[in-house]
Amino acid sequence: MADERFSKGADDRSRRFMGCDYWIRVIAGREMPVFAATVRRVAAVTSRVWSSSGEAARVIGMDPVMTARVIRMANSAYYNPGLRSVGVLSRAVAVIGFDALRQLCRATEVVEQVCEGFRRRQIEREAARSFLGAVFAQRLAESRYEEYPEEVFTAALLSRLGQIGFWCACRGSMLAEMEAACAAGVPPDVAEKAVLGFSLKEVTLKLAIDWNLGELLQRTLRTWEHPDVRGQCITSGANLVAVLRLGWESPQVVGLLEKLAEFVNLPHESMLRLVRGASEHARRAARDAGMPWAADIPVPGGEKAPAEEAVQASEPPTVEGHGETVVETSPVLDVNEPSVHLQINLLNEIGAILTWDADRRKVLDLAFEAVLKGVGMDRVFFARLSSDGLFLEITRSAGWRGRRPDGMIIGVQGKPNVFGRVLDVAHGLWVRPDMVESGAMELEAEAKALFETPSFFLMPIVSRGVAHGLMGADRGPSGRDLDAEAFEQFKVFCYQVALAFALGGP
């Protein structure tokens, strides 16, 4: 009855003169605001000298509007001359750099200042739906072992951008009609067609095309009813968010979970644990970030967030990922399998950055991604050599579970160790267990504390005869063997970092 009432009550004149193209012009003509918590946290991350693009992406990845701005900038001719389309948030951050992020924070308006009342609450609800749907989509992509689950997360996060833009721009009688429809319990998608005469998904698609927000997002929006496999992860995440409003025990949720269990080839109970764990993680992450919409994320047991102990007991451990924390779906450690395709893509991107401005931070970010996800290593770090050459300080690391080694100081003069030897000989070293067991090499306390196992790669970062530091990587957490091919691939990306130092970029 409610749907019928609002369908009949919609203003035909409004529909005729305020169609999809009208809202595209209105939304594109003004900058959508972001959440104040996003601006504060991005400013904090970019103010630290050795913050990584992954850290910034985890902050930005909770705000669909800020994510859209960063992706849009990364695909612009100014920041991306000749690069292929960027659809992964962490890579977009690496492309535009921290200076651009700081300027973006200074120039942007915040939701809390420019929107109030019903409009503000709707924007918050849409942000919550977008983030939760993105978390669900990434979990599904990971469970199916799809390539680039981070890209799935980014596309899913932006899949309701048209709805957010509409609520930012909506005014007058149209706002009153939509408010009345929502108050009557009309589902959002139904209310859009009843009051506006079209789906705001059409607005999202046109914004995705005009702003170049990624091929996966555009393709999924075009084929929403019959998407490809990665698109199914996105649409399934959105559908799950939509039915959760009916309750975790509702027939609609149970039926959808059964379909998803078949989609990812998991038992129904495992699928239920995965979804519940993802929802609890999303609520907790939003709450810890200070997002005002954290309470809008539904968790099992009602509105009250679960106690930390209960979450730890029911949810698998977490590992670092792009745009967010990735929840493992099994007790087996997730590993990064080598991908030559990704290595080639990242080499092309690094080459373009070296040609453009040789920004060392961007090159190091992409080199880290290449070593982890292209070469298939578990962990990687960069240690910078002090100006007097007396010690190394680990200034960047990724892949460590628990406490990271950032800030660790390693003396390299007056106290010979494997790190100092690598700098002295100025070429890479593959440390193997047989070398240590035979007595051919002795590992000092620093190396044992850092790697835990006698199997790792080290490579000095040297340009024009000057040593700047070194990079190291291993597969200790997963226990996988290292090989000569991985060593050569690892050295290739270390050479790119050395080239950035040689070119004298910022």
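Before I start: buried means under 20% relative accessible area, exposed over 50%, and partly exposed in between, with a 1.4 Å probe and protein chains only.

**Ground rules.** I am looking at a predicted model, where local features need pLDDT of at least 70, side-chain atom pairs count only at pLDDT 80 or more, and totals for chains, interfaces and linings use all residues. I number residues from 1 along each chain as its sequence is written, and side-chain values use heavy atoms, with hydrogens and water left out.

**Cysteines.** I looked up Cys105 and found 9% relative accessibility, so Cys105 counts as buried. Cys168 comes out at 8%, so Cys168 counts as buried too. I then searched the whole structure for disulfides (a pair of cysteine sulfur atoms within 2.5 Å) and got zero.

**Strand β8.** Strands here are DSSP runs of E, at least two residues, numbered from the N terminus. In β8 (residues 466–474), seven of the nine residues are buried, so the strand is largely enclosed by the rest of the structure.

**Its partners.** Two strands pair if DSSP finds at least two bridges between them. I found β3 (residues 379–385) running antiparallel to β8, with six bridges; Ala383 stands opposite Leu470 there. β7 (residues 456–463) also pairs with β8 in the antiparallel sense, over eight bridges, and Phe456 stands opposite Asp474. The β7–β8 hairpin has two residues between the strands, and Arg464 takes a positive phi near 55°.

**Confidence.** I checked pLDDT, the predictor's confidence in each residue, from 0 to 100. The chain averages 81, and 87% of the residues score at least 70. Over residues 1–17 the pLDDT is below 50, and over residues 303–333 it is below 50 as well. A note to myself: where pLDDT is low, the predicted coordinates should not be read in detail.

Methods. Helix = DSSP H or I, 4+ residues; strand = E, 2+ residues; numbered from the N terminus. Contact = heavy atoms within 4.5 Å.
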